[in-house]
Amino acid sequence: MMEEAEPDVSPIPSDQNSPSPSVSSSPSLSLPSTPSSCGPPQAATPPLCVISEGTSELSLVIDAEVAQRACQEVLQKVKLRQVEGDVTHLQNGAGLEAEPAADKPSKIREEDDHDAPAPGSVKSARRRQRHNPSKQSWLLRLFESKLFDVSMAISYLHNSKEPGVQAYIGNRLFSFPHEDVDFYLPQLLNMYIHMDEDVGDAIKPYVVHRCRQSISFSLQCAWLLGAYSSDMHISTQRHSRGTKLRKLILSDELKPAGPRARRDPLTLTPFCPAAAHGGGSGPLGGDHGLSPSKRTHQRSKSDATVSISLSSNLKRTASNPKVESSQDEDSSSSDSLEFDSGPPVRLAPQREFIKSLMGIGKRLATLPTKEQKTQRLISELSLLNHKLPARVWLPTAAFDHHVVRVPHTQAVVLNSKDKAPYLIYVEVLECENFETSSVPIRIPENRIRSTRSVENLPDCGMTAEQRAGSFSVVPNYDNDDEAWSVDDIGELQVELPEVHTNSCDNISQFSVDSITSLESKEPVFIAAGDIRRRLSEQLAQAPTTFKRDPEDPSAVALKEPWEEKVRRIREGSPYGHLPNWRLLSVIVKCGDDLRQELLAFQVLQQLKSIWEQERVPLWIKPYKILVLSADSGMIEPVVNAVSLHQVKKQSQLSLLDYFLQEHGAPTTEAFLSAQRNFVQSCAGYSLICYLLQVKDRHNGNILLDADGHIIHIDFGFILSSSPKNLGFETSAFKLTSEFVDVMGGPDGDMFNYYKMLMLQGLIAARKHMDRVLQIVEIMQQGSQLPCFHGSSTMRGLKERFHMSLTEEQLQLLIDQLVDGSMRSLTTKLYDGFQYLTNGIM
Amino acid sequence: MSQVEKKAGLLRRTSSSKKPLKEKVVLMYDEIFAKEDPAKNNPRFWDELFLMKVNLEYLESKLESVDGEEVQRIQDNINSLFHHCVQALGEEHQIKVVNALQTLCALFRGVHQKNKSASGFDIINMLMGFDKAEQRMKDLMERLDGLLCGDSSESLKSLCLKLLLCLVTVTDNISQNTILEYVMINSIFEAILQILSDVSSRGQHGYDAVVLLALLVNYRKYESVNPYIVKLSIVDDEPTLDGMGMVVHQALTEYNRQYKDKEEENQGGFFSTLTSMVGSMFIADVDEKLSVQTNEAILLALYEAVHLNRNFITVLAQSHPEIDIPVTPTTPTPTTPTTPLGTTPPSLDMMNNPELPLDPNLQTSNLLITFLKYASIVMQDTKDEHRLNSARLCLIILTCIAEDQYADAFLHDDNMNFRVNLHRMPMRHRKKAVDKNIPSRPLVCAVLDLMVEFIVTHMMKDFPMDLYLRCVQIIHKLLCYQKKCRIRLHYTWRELWSGKALINLLKFLLSNETTLLAKHNIFHLALLVVNLFNMFITYGDTFLPTSNSYDELYYEIVRMHQVFDNLYCMVLRVSTNTGQWKEAASKVTHALVNVRAIINHFNPKIESYAAVNHISQLSEEQVLEVVRSNYDTLTLKLQDGLDQFERYSEQPKEAAFFKELVRSISLNVRKNVSLNTLSQDVLLKEFSTIS
């Protein structure tokens, strides 16, 4: 099998080798021990960088022409662009050199006519026997057309039984933008785990390649692989491909093998061809051509020793800047090089971070009361803070960052009966790239206080004007000026804090005895009535907040407007002054399977983009899900939203009245826009609920955001599963009379708009049904998830798109659904049932 | 077991004294105290000496018995002994090290015992010789530092700390201990920190290390630059500070637990009702006293940390779920080599013991909560000198806390709610509050509760004026913070205003004017109390939780107008006379202006309301109604500087207190160390069997 690889590889020896020098150039400069330890293995340098783990599975037979074409394509591109990227050393049998095909599909066109000669004649001849030109040729056309996108690729990967096609698509994956492929990562990995070897082999190079590039991709893969392997029988699971790949990733062998090319091809130009290379390799050019796996070992060992010696140095210095940062500085001279002498173990900090968050969740679950859980949570997080900042990040975030602090007192335990999900806020510093940017230096907790005292004054919830007026002075008639100047003294702390910043607490050091000094001055009078009036005014002014309830600690935290919270936490944070400071939040779920949530997220996201594409103004909010294992994960919280349950319990108002309270009278613009938002989101989620058969729709699972949108959360019961099989909730979706009231009653325009939106939404979704079905179908493979229970899941889902109905018939259907849901007794019953069993209103 | 061993040791010792035959080591000591150089005849003398089990008693008594002239004579030998002790510390043989440490202990103690009056220089000369003293002490400190930081056995480390404690406490007044000058130059601060930062060593030696640090910080505190003060004030390594906090936390927790046990014991007994009436009579029994004394050292350490180190404040709020476990397991967790900070696996502590025994009834606690509970116990009874000192120190610590912005921030943090079970003195007129019903509130409520509790319970003939002043000032500082940051704390302020607290305090001052004036300046306290009211009156809009509470304030003032009237009469009388209180009293008259304005404004209104409506006794609601409808015609005078206060500073005001406190701690530590050092014999035996 190794031989098989060689013929195809041989045409591009220079490309094969070129990464090696650049590999070695990756700066281990800061590690003095590295050169010496790297010395000996050089002698045994193999000519090719082939990782052993791939070889065991090289058993596929590939359609020669397709393979060849793909290969040529890639070669051509390499020549054309002189782009030298990471070489995936892990080649599959065909030895398809999977160079990054960048992003321009038009290039592929040019190579259409290339009739590539088969270099490895014997093997290709054998392969040719299975070749089916007629079918392939127009498939190929499709594959090479502009229209061919990730969604199609995934679909063909899943449906095609042809190894050649699969292998081709495996290669094609390289040419799609990362973000697009990332969306289908669960599908890809599930196929890798549960489908036959051909598919697996087609996918693996891409996965491995991406793992080398990115720590977060690696972890993402490892987590998903673990989660989706868990439904296998334990005996097969241990030896399954998924488990093996997971182990490989977690062993941290998949380090970047070459200069980092992906992010910015331009900077790479000087480094690309083997010969031209030199500048970057520097003093370490010696380890040219080392087998990567060996090199990795060496490197990690030396890293370990360095870290130990460093830590011993660290012991006694009271405050130490990050050790890493010094290393980072060293490397910054050669910008574009992969920096791999950073943390000794790439994945370890993040894994530990996640692990400790999970550990907290597990321990919280053992505590009986919410109050204890909350206290415990806060104390555990404060300990966690000691380990921050570190090279850790929240995978749910949309930008690169380092976590610097968890404002522990802001964390809340969420409402759950026996589990202990909790919500934490996380302060991060945005950075260019979390793998290479240096970890921020720790700033002690209280450092901020002394410097902050100036800025923290205006945050008392008053504008400057109000403050100035907060002392409405009744001046003494004899001497106006004098009176005002005294007032200034009284206000000194608020108005002119600078004067006092030297005294560290901003409370000046005058003794109370200074009262006597007033005797000489004219007295200032204030009206008691004013004081009293200000008090009640300010109390009334405060925005409507929920009352603190130890049994429902999250209500208050979630009610606070996000902007407000960000501002508040920023002020209290020692890192708050940094311009790249951001606040993120995340829900940590421990003991819950989030795979269904992830599936729902994908479907929602897909529908959202379909609706956007078709310009239907339905509104839904897919929230990000991170599956960490089959029973743990993280959820990106929806900001500025509280559950309907909390709304009702706290406000004791009907939904409409609450809208009126929050947004104003029915004719105001604020109310109307909130109402429109409500309708658009209701329509979106009604469709979602119908299509996905989302159950367990009690008010605790429906959020209401500050703009009036509803957002459904908790997709624990979808498709074929429903809670406790009580037979409740037979209606298509939840549409209570309260909802209809907010829309202006069943005869109002908004209600008709609602129904029209649903119709438009369904038509649009129907048009792109395959994109939705595909997501679900692939995940069904090898899954024991309750949502796939029974055999009719897919059929049922397909049927709900009603492909056969005309638009008129669809309209009728929508009317029926809405009618049925409105009149549904079961919805009411279910809410009552929830109230009785879970106390949810 | 140690008890048995100790007894056995005692027995042996007594029996040996009967026999004329002397121990070998005793003979060797005798040789040292002879004129000749003991090594002259026996070149291996010193080697052998440190192989012998030390006879501390004999050596110490021998040193004590040497009189003036002899000293001169044997000084060379003693210097030599000291020198060899220091050298023996570097030996590989642990027995020798142990013996050397103990011998040094005996040397320090014996020499000081003998020469109580002698100057520090004479003592140094006698022990080390002037010319070599610097080198000897440098060697000694380096060796000790090496032993403490190295991976020597735990008992050795413990012995090192004992020796240091012994050295630090040989004089009653630590500042007169001239040898410590060398300890200042050759700092062991880093070694102490290292002990505190490591989980396992902290568990075993943390207490000694913290006490040692507290004492060292107090060496010539006010006269010279003490490097330990400087260093302690800039520590910002969280694990270390945390470690220090943990040690304090544990010691205080242990005290609280003991107290509670005792209390329960008493209550369960036959006389439960009786004891609750007589109150704290039983508390002051011997055992209790002892534990209070030992805790003075810990309290001092806490004070120094809070006072000197700004970073330590964060530790106060740091909760440690693991040390809620009543019996702290001193299982030495394997010390994992710390990787560079960026890669340290988070939550080492947490991950290391995932199977934490979780008692659902346990409340997560933190140092501040434990401290408040401790303070509530200590402050119950201030008759005893030690308790009075402890109470004072508690209040000083609270003063420092109340002045710190960061501490205030977490005290008032609405997200950090705790139930704090403060101990309340059982009193005739009130039932013991049911612990279970205490709501979970921000920590500042507990501080206020504690202050109110103190104010209510200490109005007695032997008036603790100093403590009262501190109490009222703490409240004032908290109010200043709330006013500044516009924090509307949901606290039942009524408890503070009247509820037998502030107004009652004024009443007490009035009715005991003559007795109190003999000892105290009651006007200062009265001024502070009146100004608290002025804070509420003038700035209530910025920090009161409800508009109703402002009405209630007026209601209370009007209701208790007689107290204020009487106070005004009294201060007016004193201020018009010429006397030492003239000025102090006149300040109070000025401060009372708004209170009097309120009373004079509302009283007629209420009377006329009653008259118009023909009601003899107005209900609270009716009075509040009158108050509400008559605000607008009332004009108040803006008083200057109400929200300003004098910041705490140790020097010069508190210097005398701390000097005395440190002296008392020194005596106490010395007493306890001597006990402990003896029991090190046991330890030594352990060694000899192992090695």
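1. A residue counts as exposed when its relative accessible area is over 50%, and as buried when that area is under 20%. By this rule Gln652(A), with a relative accessible area of 57%, is exposed. Gln652(A) sits in the loop between helix H29 (644–651) and helix H30 (655–663) of chain A. Its phi is near 55°, a positive value in a residue that is not glycine. The model is a predicted one, and the points below should be read with that in mind.

2. Arg220(B) belongs to the loop between helix H13 (199–217) and helix H14 (227–234) of chain B. Its relative accessibility is 28%, so Arg220(B) counts as partly exposed.

3. On overall content, chain A contains 37 helices and eleven strands, while chain B contains 34 helices and three strands. Of the 841 residues in chain A, 59% are buried. For the 691 residues of chain B the buried share is 59%. In chain A, 79% of the contacts with a separation of 6 or more are between residues 24 or more positions apart. In chain B, 79% of the contacts between residues at least 6 apart in sequence join residues at least 24 apart.

4. Strand E9 (residues 641–643) of chain A pairs with E10(A) over three bridges. Within that pairing, Val642(A) is opposite Leu704(A), and Ser643(A) has Leu703(A) as its bridge partner. The hairpin of E10(A) and E11(A) has four residues between the strands, and Gly708(A) in it takes a positive phi near 100°.

5. Side chains in a regular strand alternate between the two faces of the sheet. In strand E10 (residues 702–705) of chain A, Ile702(A) and Leu704(A) are on one side, Leu703(A) and Asp705(A) are on the other, and all four are buried. Both faces of E10(A) are therefore covered.

6. Helix H20 (residues 367–378) of chain B has twelve residues, which should span 16 Å at 1.5 Å a residue, and its end C-alpha atoms are 16 Å apart. Eleven of its twelve residues are buried, so H20(B) is largely enclosed by the rest of the structure. The buried residues include Leu367(B), Phe371(B), Tyr374(B) and Val378(B). At the start of H20(B), a side-chain oxygen of Asn366(B) comes within 3.1 Å of the backbone nitrogen of Leu368(B). Helix H21 (residues 385–403) of chain B reaches 27 Å from its first C-alpha to its last, close to the expected 27 Å, and 18 of its 19 residues are buried.

7. Nonpolar side chains tend to be buried together in soluble globular proteins. The largest nonpolar core here has 247 residues, with Phe523(B) and Tyr554(B) making the most contacts inside it. Helix H28 (residues 522–543) of chain B supplies the largest share of this core, 15 residues. Leaving aside residues up to four places away in sequence, Phe523(B) touches several residues, among them Leu517(B), Met570(B), Trp581(B) and Val588(B). A separate core of 178 residues includes Ile169(A), Leu185(A), Val406(A) and Tyr754(A).

8. Two cis peptide bonds should be noted. One runs from Leu388(A) to Pro389(A), with omega near -5°; Pro389(A) is in the loop between helix H21 (370–385) and strand E1 (401–405) of chain A. Another runs from Gln651(B) to Pro652(B), with omega near 0°; Pro652(B) is in the loop between strand E3 (635–638) and helix H34 (655–690) of chain B.

Definitions and conventions. Residues numbered from 1 in each chain as written. Chains lettered and ligands numbered in written order. Predicted model: local features only at pLDDT ≥ 70, side-chain atom pairs only at ≥ 80, totals over all residues. Heavy atoms only, no water. Buried < 20%, exposed > 50% of the residue type's maximum accessible area, 1.4 Å probe, protein only. Helix = DSSP H or I, 4+ residues; strand = E, 2+ residues; numbered from the N terminus. Pairing = 2+ DSSP bridges. Expected span 1.5 Å × (residues − 1). Polar contact = N/O pair within 3.5 Å; in protein donor to acceptor, adjacent residues only side chain to side chain. Core = buried A, V, L, I, M, F, W, Y, C linked by side-chain atoms within 4.5 Å. Contact = heavy atoms within 4.5 Å.
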